[in-house]
Amino acid sequence: MSVDELARRIDLEPRPILLDTRTREEFAIGHLPGAVQAGSSLEYEEGLREAIQSGRPIVTYCSIGYRSARVASGMAELGASNVFNLEGSIFLWANLGKPVVRASREVRGVHPYSRLWSLLLRPDLRSWPNLCSKPPAAIGS
């Protein structure tokens, strides 16, 4: 699903389930409004099955779309017929000026994942784990 299509559908009923497939640390820095962070727990798996059975659209995303595409594919194998991967994921979403939140408050920051992947994110949007604007020396590419 494109960023523009999700932006149009995000407040429509039935509201899509936004599934953030990044790590907890990445999610904590900033995520799409209303998104839930994916995990590997039984609770997550049960919630996923309920979401699939509900028929609501499910939109997966990560930093650029690689990890979330794998999750969307796995969900399709579990029987989800209304699952989409967000094209360009949160990097494109944020780069286009769409809202990103932390603790329900809008922020201007996205975890850049790595030095290499950070090149795909506008410099003013890069929010490293310690919430500074520059990558820590210990982070590798």
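**Exercise 1. Find the segment that holds Leu120, then the surface patch to which Leu120 belongs.**

Solution. Leu120 lies in the segment that follows α6 (115-118); helices here are DSSP runs of H or I with at least four residues, strands are E runs of at least two, and both are numbered from the N terminus. Areas come from the Shrake-Rupley method with a 1.4 Å probe, and for residues only the protein chains shown count as cover.

A word on the model: it is predicted, with local features needing pLDDT of at least 70 and side-chain atom pairs pLDDT 80 or more, while totals for chains, interfaces and linings use all residues. Residues are numbered from 1 along each chain as its sequence is written, and side-chain values use heavy atoms, without hydrogens and water.

**Exercise 2. Work out which residues on the two faces of strand β1 (residues 17-20) are buried, and which strands join β1.**

Solution. Start with the faces: Ile17 and Leu19 on one side, and Leu18 and Asp20 on the other, are all buried (under 20% relative accessible area, 1.4 Å probe, protein chains only). Now the pairing, which takes at least two DSSP bridges: β1 runs parallel to β3 (residues 58-61), with four bridges, and Ile17 faces Ile58. Two bridges link β1 to β2 (residues 36-37), also parallel, where Leu19 partners Val36.

How values were computed: Patch = residues over 30% accessible without salt bridge, like charges linked within 9 Å, V, L, I, M, F, W, Y side chains within 5 Å. Salt bridge = Lys/Arg side-chain N within 4 Å of Asp/Glu carboxyl O. Buried < 20%, exposed > 50% of the residue type's maximum accessible area, 1.4 Å probe, protein only.
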